Amino acid sequence: MSHPHGRFCIRRRVRAAEAVVAMALAAFLGVPRPCSSQEDGRTAADLAVEARTLFHEGRIEEAIRRYRAALEQTPNDADLRVELGEAHRSMLRMPDAIASFRLALDLSPDHELAQLALAESYRQLNNFEEAKRILELAAGARPESPALRFALGRLYIELQLYDKAASALVAALEIDSEKTPGRVLLASVYKARAESEAALRELERALEQEPENALALYFQASIYADQNDAARALPAAEKVVALEPGNSLGRFLLATVLVREGQCAAGVEHL
């Protein structure tokens with residue numbers, strides 16, 4: 001009869017041998033060994049830097065793995081959870097993205113980037129009511145934030161709530177008057193409400209800040225075209241096409257102005 005201690009030693013050696021065989025087989029098959037982020041000595045900060053680099057290189061899956069490894073060490077890092085959510089959103093994995101943003105907000109309820117990203121995620125899913133609810137609550141709690149008001153104004157435009165959009169954008173520009181895209185959005189609201197002069201004033205200010213803003217030039221040209229002011233519409237439309245040759249709306253607008261001016265052949269070239 002064998003000694004119990006001998007049987008224990010044999011079993012232990014067998015398990016050790018099986019582990020070695022499993023590791024060798026995994027290496028042969030190209031299966032990565034499971035390991036924690038702490039085993040290779042990298043800190044959460046190191047892993048986060050790697051994740052950001054991979055993300056900007058377009059290696060999203062690898063970036064997601066690094067973010068997750070970093071969060072194993074720092075699970076309460078709201079910023080990293082937002083970055084992980086953005087990585088998921090770039091892959092259109094909206095449930096994962098939304099879960100990451102909500103976890104970030106659980107950790108930091110006033111995290112502006114998480115609020116904006118969560119609202120944008122619902123907007124991408126065409127759940128405009130939820131996006132609106134998130135932004136209205138966030139903007140109400142933080143009236144000093146221009147970013148939240150700009151985002152809310154843009155959403156109101158999509159919902160054709162132009163009066164609310166104008167209020168949100170005016171309030172945002174009172175806080176941050178240098179925000180050219182917000183001023184162009186406000187001009188688009190005035191244009192939609194047929195307030196051409198107010199729209200042109202905002203566009204002129206936007207173009208003072210950013211002379212080559214193609215969207216501002218397009219709105220300016222279209223308003224002048226509506227007013228049959230070809231002398232002003234034509235140079236603005238030409239700038240749009242020069243800045244963005246593939247802009248089909250800009251090319252159509254330029255063609256329209258040229259045809260009205262009797263330059264049919266030149267107009268047709270832009271269609």
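Tutor: Let's start with a term: a nonpolar core is a set of buried Ala, Val, Leu, Ile, Met, Phe, Trp, Tyr and Cys residues joined through side-chain atoms within 4.5 Å. Keep in mind that this is a predicted model.

Student: Which residues touch the most other members of the largest nonpolar core?

Tutor: Leu118, Leu253 and Val257 do, in a core of 59 residues. Helix α12 (residues 214-226) gives the largest share of this core, 8 residues. Another core lies apart from it, with 15 residues, among them Leu54, Ile60, Ala70 and Ala87. As a general point, nonpolar side chains tend to be buried together in soluble globular proteins.

Student: What does Leu118 touch, not counting residues up to four places away in sequence?

Tutor: Its partners are Ile98, Phe101, Arg102, Leu105 and Ile134.

Student: Now for Arg89. Where is Arg89, and why does Arg89 count as buried?

Tutor: You'll find Arg89 in helix α4 (residues 78-90). Its relative accessibility is 17%, and buried means under 20%, so Arg89 counts as buried.

Student: What does Arg89 touch, not counting residues up to four places away in sequence?

Tutor: Met94, Ala97, Phe101, Ala117, Glu120, Ser121 and Gln124. Take Gln124: 35 residues separate it from Arg89 along the chain, and their C-alpha atoms are 9.6 Å apart.

Student: What makes α4 and α6 roughly parallel to each other?

Tutor: The axes of α4 and helix α6 (residues 112-124) cross at roughly 20 degrees, coming within 10 Å. Angles under 35 degrees count as roughly parallel, and therefore that's the label for α4 and α6. Their crossing is left-handed.

Student: Which residues of α4 and α6 meet?

Tutor: On the α4 side there are Val82, Glu86 and Arg89, and on the α6 side Leu113, Ala114, Ala117, Glu120, Ser121 and Gln124. That contact divides into 4 nonpolar, 2 polar and 3 charged residues.

Student: Is Ser100 buried or exposed?

Tutor: Ser100, in helix α5 (residues 94-107), has 8% relative accessibility. The cut-off for buried is under 20%, so Ser100 counts as buried. Leaving out residues up to four places away in sequence, Ser100 touches Arg81, Leu84, Gly85 and His88.

Student: Why does Leu92 count as exposed?

Tutor: Leu92 has 63% relative accessibility. Exposed means over 50%, so Leu92 counts as exposed. Leu92 sits in the loop between α4 and α5.

Student: What is phi of Leu92 near?

Tutor: Phi of Leu92 is near 60 degrees, a positive value, and the residue is not glycine.

Conventions. Residues are numbered from 1 along each chain as its sequence is written. This is a predicted model: local features need pLDDT of at least 70, side-chain atom pairs count only at pLDDT 80 or more; totals for chains, interfaces and linings use all residues. Side-chain values use heavy atoms; hydrogens and water are left out. Helices (H or I, at least four residues) and strands (E, at least two) are DSSP runs, numbered from the N terminus. Buried means under 20% relative accessible area, exposed over 50%, partly exposed in between (1.4 Å probe, protein chains only). Contact means heavy atoms within 4.5 Å. Axes are lines fitted to C-alpha atoms, for helices over the stretch in contact, and angles run from 0 to 180 degrees between N-to-C directions. Angles under 35 degrees count as roughly parallel, over 145 as roughly antiparallel, 65 to 115 as roughly perpendicular and the rest as oblique. A crossing is left-handed if the near helix is turned anticlockwise from the far one by less than a right angle, and right-handed if clockwise. Ala, Val, Leu, Ile, Met, Phe, Trp, Tyr, Cys and Pro count as nonpolar, Asp, Glu, Lys and Arg as charged, and the others, Gly among them, as polar.
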